[in-house]
Amino acid sequence: MLNVATAPLQQPAVAADERPVVLEVAGLSKSFGANVVLRDISLQVRKGETVCLLGPSGSGKSTLLRCMNWLEEPDGGAVLLGGQRVGVRPGSNLRMSDRDLAAMRTRVGMVFQHFALWPHMTVLQNIMEAPVHVLKRNKAEVRREAEALLQRVGLADKMDSFPARLSGGQKQRVGIARSLAMKPDVILFDEPTSSLDPELVGEVLNVMQDLAREGMTMVVVTHEMSFARDVANRVVFMDGGYIVESGVPEEFFGAPKSDRARQFLARYARG
Amino acid sequence: MSEFAVVWQHRDLILHGFENTLIIVALSAAGSLVLGALLTIPLMSRNAVLRGAATAYVDTMRCVPFLLFVYLLYFGLPSLGLRFDNWTAGIIALLIYNSAYMGELLRASWADLPKEQIEAGHAFGFSGWRLFRRIILPPVLFSALPLIGNQLIQIVKDSAFLTIIAVAELTHEATSLQTTYFVPFASFVAAVFLYWLTCVTIEGTIGYANRYAEERR
């Protein structure tokens, strides 16, 4: 079998190589019963990079993202965060304790498709919850930062609202602010705009674009091709559990190397 | 003198029973809510043994008539050398019995929570007790509020069974009033009225709490 998973990674993405690797996936595999979802996936994400995972539904991209912070436990391979194995005790193959895993997860932000805000907390409380109760940081200081983050995502006036009172776009911007409050090394976005009304997609993508510009390290599973083309430093195209090709957006969108990518893009071009 | 006048004359007796009913209900309601909430942890556990044991307890309680359970605790256990006074036996019975119901209804509410909400807890570094206490339990309680209200009313009604082990609660005092003065209609109507008042107060409180909970779920 041709190992298409690693081949494109050997092409150096110009300039990006200088930056340290924040997140690395090596030889990852995952099955649900007889259904093989990820096959020998390897991928590196460097500091400040925005990597978009593209591919048809069921191609494994969301599962790959969820394996990165061990919300899904892979069957084989490794995930490394700043060089440290995620989910596995150092020097062994034993599962990491829940407590150690939780501590590691605080370094990886996550933005969910259906927002996943905590409904019993106000917007401000949602943002402050983990920094105060997990990281045990000073409450007043966290509050100041949370207010600044809300300002940044344009929701300062919604601070005391409950999530139930917000639009989808607003919820997702709170979701992003909640991740930023943890000052993570990398943020994982799992189809952040897929459950939004079309007219609300823009406000979320704008916030993400600003983050990318400011040098946040991001891995984004998305169906927003224009976002991938304009904002990503690198796109990774997946199909059938493989990484089919990977490269800078100009190459991928301009001259895709594989038939599958061409078909995929043609379908989007037709709309 | 009319029957009601007799009851009014001996209202101290009825009110004493009512007071005891309120104490019993308050203790068992608070206790079974706390125990029921804790019971959801084994009920939702990934550990099959733990989950099986908790489920067996809940199923047993749901299949035993409460009256029989009270008999068992008060009259049956002394055969095994375990003897409680009637108050202790009564409150333990209410607690054990209703904790199972509370646990089951809270478990169902937990199972209905959007999965992503709990995953977000994991993703942000919550685990164990802290995850349960801060991320899972509050929305579970908010969404289960109407069912909790029903169960509290059930506790009020179950408390009347304690008359058979001579706990001086409302039904017991109403019965003793009617046997002493032969005023069955008035004394039972008085008791029913006070039970109704208790239940209406509970419903009102839950309704109020529900408005508070509405935007939080």
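## Spaces and surface of a predicted two-chain model

By class, 15 nonpolar, 4 polar and 8 charged residues make up the lining of the largest pocket in this predicted model. Here Ala, Val, Leu, Ile, Met, Phe, Trp, Tyr, Cys and Pro count as nonpolar, Asp, Glu, Lys and Arg as charged, and the others, Gly among them, as polar. The model is predicted, and local features need pLDDT of at least 70, side-chain atom pairs count only at pLDDT 80 or more, and totals for chains, interfaces and linings use all residues. Residues are numbered from 1 along each chain as its sequence is written, chains are lettered from A in the order in which they are written, and side-chain values use heavy atoms, with hydrogens and water left out.

The largest pocket is lined by 27 residues, and Arg46(B), Trp110(B), Ile118(B), His122(B) and Leu131(B) lie nearest its centre. Two or more lining residues come from each of α2 of chain A and α5 (86-112), α6 (115-123) and α7 (128-159) of chain B. Of these, α7(B) gives the most, with 5 residues. Helices (H or I, at least four residues) are DSSP runs, numbered from the N terminus.

The whole structure also holds 1 cavity of 30 Å³ or more. On a 1 Å grid over the protein atoms alone, a cavity is a set of points where a 1.4 Å probe fits but cannot get out, whereas a pocket is an open set with protein on both sides within 12 Å along at least five of seven lines; lining residues have an atom within 4 Å of a point. A volume is the space filled by probe spheres set on the points, which are joined across faces, edges and corners.

| Space | Volume | Element giving the most to the lining |
|---|---|---|
| Largest pocket | about 930 Å³ | α7(B), 5 residues |
| Largest cavity | about 30 Å³ | α2 (residues 98-105) of chain A, 3 residues |

Among the residues that line the largest cavity are Met68(A), Leu101(A) and Arg105(A). By class, this lining has 6 nonpolar, 1 polar and 1 charged residues.

Two single residues illustrate accessibility. Ile127(A), in helix α3 (residues 123-133) of chain A, counts as buried because its relative accessibility is 0%. Leu38(B), in helix α2 of chain B, is partly exposed because its relative accessible area is 39%. Buried means under 20% relative accessible area, exposed over 50%, and partly exposed in between (1.4 Å probe, protein chains only).
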